[in-house]
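Q: Could you take a close look at one part of this model for me? I'd like to know how that piece packs against what surrounds it.

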Amino acid sequence: MSQMQTQSQKILVTGATGTVGRQVVAELLARGHVVRALTRDAAAAGLPAGVEVVQGDLTEPDSLAPALEGVTGLHLITFGGAYFAPLETGPRILELARAAGVRRVTVLHGGGPSPLEDAVRADDGVDWTVLMPVEFMANALEWADGIVASDEVREPFVSRLSAMVHEGDIGAVAAVALTEEGHGGREYVITGPELLTVGDKVDAIAAARGRDITLVELTEEQAVAQWRAAGHPEDVIGFLLEAYGDTPEVGRTVVDTVEKVTGRPARTFARWAAEHAGAFKA
């Protein structure tokens, strides 16, 4: 159970403009902490007032040294640079972090093994927590154009099950792990509170926007053609076929990490849909 944190801490969030990074920033601010956000393009960050935005690049770890001054917690991503290549700079980043007095590190799992996550797990000088969210609710925004244009969602494997998680809940778990005791050496699988089919998600979006949506089930071949037309590379298409056609057990199993860590239940997809209803309206 989350303990009330009385003392404000300064936390450095890398990947702060990403889907999860923005939520980590928002949650830390809501909890009264000082947030410093690292980005490669400070002018384009668009982060909330009160966030100290600093320029730096995880592929050039020494650029982080000034940003780490006075910081007690560090949130890391596993990819960096202009092309989102797996970061090889983990050992140096952690060396700088320890020297600066950082006590807690969270790392957002990138979907598979990565050199940075390996470096974090091997580091006994900080309390590290690996965040392993399943499918993001925000992935449903990929349907927005089709819904706005034709009131349709066109997907294969419509009966597949997902324990998809509200990205705000990933931010909440990260914020607790970065500022409170008891989360070191932990790997947290983070899910939503329910299992959903594609139809369940479509129904929730339709209810939120107040207009029906037709779900069109595609064959595997039609789906591949649609993904190619959308410009997805072949390796991404292969990943989607595997993830949707045979969702791994972890992606379709609800766990209570959000409630255990934050003290409140995980947010539902209906709530997410209500928050984003505008994206699905003409």
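A: Helix 1 lies across strand 1, strand 2 (34–39), strand 4 and strand 7 (104–108), and runs at about 170° to strand 1. Here axes are lines fitted to C-alpha atoms, for helices over the stretch in contact, and angles run from 0 to 180 degrees between N-to-C directions. Helices (H or I, at least four residues) and strands (E, at least two) are DSSP runs, numbered from the N terminus. Keep in mind that this is a predicted model, where local features need pLDDT of at least 70, side-chain atom pairs count only at pLDDT 80 or more, and totals for chains, interfaces and linings use all residues. Residues are numbered from 1 along each chain as its sequence is written, and side-chain values use heavy atoms, with hydrogens and water left out.

The strands under discussion belong to an open sheet of seven, ordered 3-2-1-4-7-8-10 with parallel pairing (two strands pair if DSSP finds at least two bridges between them). At its edges sit strand 3 (52–55) and strand 10 (186–190), each pairing on one side only. Three bridges join strand 1 (residues 10–13) to the parallel strand 4 (residues 73–76), with I11 standing opposite G73.

Helix 1 (residues 19–30) also meets helix 5 (residues 167–179): their axes come within 7 Å and cross at roughly 55°. The crossing is right-handed (the near helix is turned clockwise from the far one by less than a right angle). On the helix 1 side, the contact (heavy atoms within 4.5 Å) involves T19, V20, Q23, V24, E27 and L28.
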